Amino acid sequence: MKGNQTRLAVRLISLAGWVICLALGLWGWKLGIFTSQEKLETFIAGLGLAGGLAFTAFQMVQVVVPVIPGGLSCLAGVLLFGPMMGFVYNYVGICIGSLLAFAIARIYGKPLLQAMFPQKLLEKYQSWTQEKDRFARWFALAIFFPVAPDDFLCYLAGTTELSWQKMTAIILLGKPCSIALYSLGLTVLWRHAAGLLA
């Protein structure tokens with residue numbers, strides 16, 4: 001019963017996150033900040049430091065409670081704040097969120113993962129956890145390359161014997177590459193799509 005309640009709570013939070021993101025997206029579109037570079041720059045400049053801090057916090061939260069795909073939020077950071085500061089805000093928020101997910105899973109264990117993620121996903125990566133050294137290697141590769149469900153793997157790491165020192169090193173050293181690849185790749189696609197629609 002408790003597991004069902006946790007699962008329902010996670011789904012409701014995710015749904016609420018999607019609704020908020022949709023509402024903010026429609027609001028931004030109405031203001032023209034998603035269709036005009038000049039309006040976007042004016043809007044961000046008006047927020048000052050608070051805008052960067054708010055986005056960093058959003059990135060942190062969306063790792064702990066996945067609301068939208070991480071790649072899309074990385075793209076948003078670059079579009080909102082430019083390549084350099086967008087990368088910084090993405091990196092700081094995602095790293096903090098990843099370590100928080102690890103800490104939460106270390107406290108609540110596998111029952112939390114069973115409530116938050118599909119059983120097929122758990123079964124797919126369960127073999128990684130059988131050997132401590134093997135998990136650390138595969139986990140590091142998955143964090144370095146943007147191809148695996150990073151948020152889930154950070155939770156999964158919290159249920160293993162992976163040390164805090166290794167976890168922190170993997171996240172801090174592995175995330176820059178994947179964030180940069182996501183940001184660069186999706187920015188190119190975004191600009192290409194915008195050019196086709198113009």
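Ser163 is placed in the loop between α8 and α9, where helices are DSSP runs of H or I with at least four residues, strands are DSSP runs of E with at least two, and both are numbered from the N terminus. At 25% relative accessibility Ser163 counts as partly exposed, a class that lies between buried, under 20% relative accessible area, and exposed, over 50%, as judged with a 1.4 Å probe and protein chains only. In space, Ser163 is 9.5 Å from Ala136, C-alpha to C-alpha, although 27 residues separate the two in sequence.

The model is predicted, so that local features need pLDDT of at least 70 and side-chain atom pairs count only at pLDDT 80 or more, whereas totals for chains, interfaces and linings use all residues. Residues are numbered from 1 along each chain as its sequence is written, and side-chain values use heavy atoms, with hydrogens and water left out.

**Overall architecture**

- The chain contains 9 helices and 0 strands, and reading along the sequence gives the pattern α-α-α-α-α-α-α-α-α.
- Of the 198 residues of the chain, 39% count as buried, while the accessible surface comes to about 11,500 Å², with 71% of it belonging to carbon and sulfur atoms; these areas come from the Shrake-Rupley method with a 1.4 Å probe, and for residues only the protein chains shown count as cover.
- When contacts between residues at least 6 apart in sequence are considered, 73% join residues at least 24 apart, a contact being defined by heavy atoms within 4.5 Å.

**The largest nonpolar core**

- The largest nonpolar core has 35 residues, of which Phe139, Phe152, Leu153, Tyr155 and Met167 touch the most other members; such a core is a set of buried Ala, Val, Leu, Ile, Met, Phe, Trp, Tyr and Cys residues joined through side-chain atoms within 4.5 Å.
- At least two residues of this core are supplied by each of α3 (49-64), α4 (70-108), α5 (110-116), α6 (119-126), α7 (132-144), α8 (150-158) and α9 (164-197), and α4 gives the most, with 8 residues.
- In soluble globular proteins, nonpolar side chains tend to be buried together.
- Met167 touches Ser98, Leu99, Phe102, Phe139, Cys154, Ala157 and Leu162, when residues up to four places away in sequence are not counted.
- Ser98, found in helix α4, is buried, with a relative accessible area of 1%, and, leaving aside neighbours within four places in sequence, Ser98 is in contact with Val63, Cys154, Met167, Ile171 and Lys175.

**Helix α8 and its crossing with α6**

- Because 9 of the 9 residues of α8 are buried, this helix is largely enclosed by the rest of the structure; the buried residues are Asp150, Asp151, Phe152, Leu153, Cys154, Tyr155, Leu156, Ala157 and Gly158.
- The axes of α6 and α8 come within 11 Å and cross at roughly 65°, where axes are lines fitted to C-alpha atoms, for helices over the stretch in contact, and angles run from 0 to 180 degrees between N-to-C directions.
- The residues of the contact of α6 with α8 divide into 6 nonpolar, no polar and no charged, where Ala, Val, Leu, Ile, Met, Phe, Trp, Tyr, Cys and Pro count as nonpolar, Asp, Glu, Lys and Arg as charged, and the others, Gly among them, as polar.

- Ala148 lies in the loop between α7 and α8 and is buried, with a relative accessible area of 15%; apart from residues up to four places away in sequence, Ala148 touches Tyr125, Ala142 and Leu153.
- Gln130, in the loop between α6 and α7, counts as exposed at 57% relative accessibility, and the C-alpha atom of Gln130 is separated by 8.8 Å from that of Thr160, 30 residues apart along the chain.
- Pro176 has its place in helix α9 and counts as partly exposed at 24% relative accessibility.
- Not counting residues up to four places away in sequence, Pro176 touches Phe87, Tyr91 and Ile171, and the C-alpha atoms of Pro176 and Val92, 84 residues apart along the chain, are separated by 9.8 Å.
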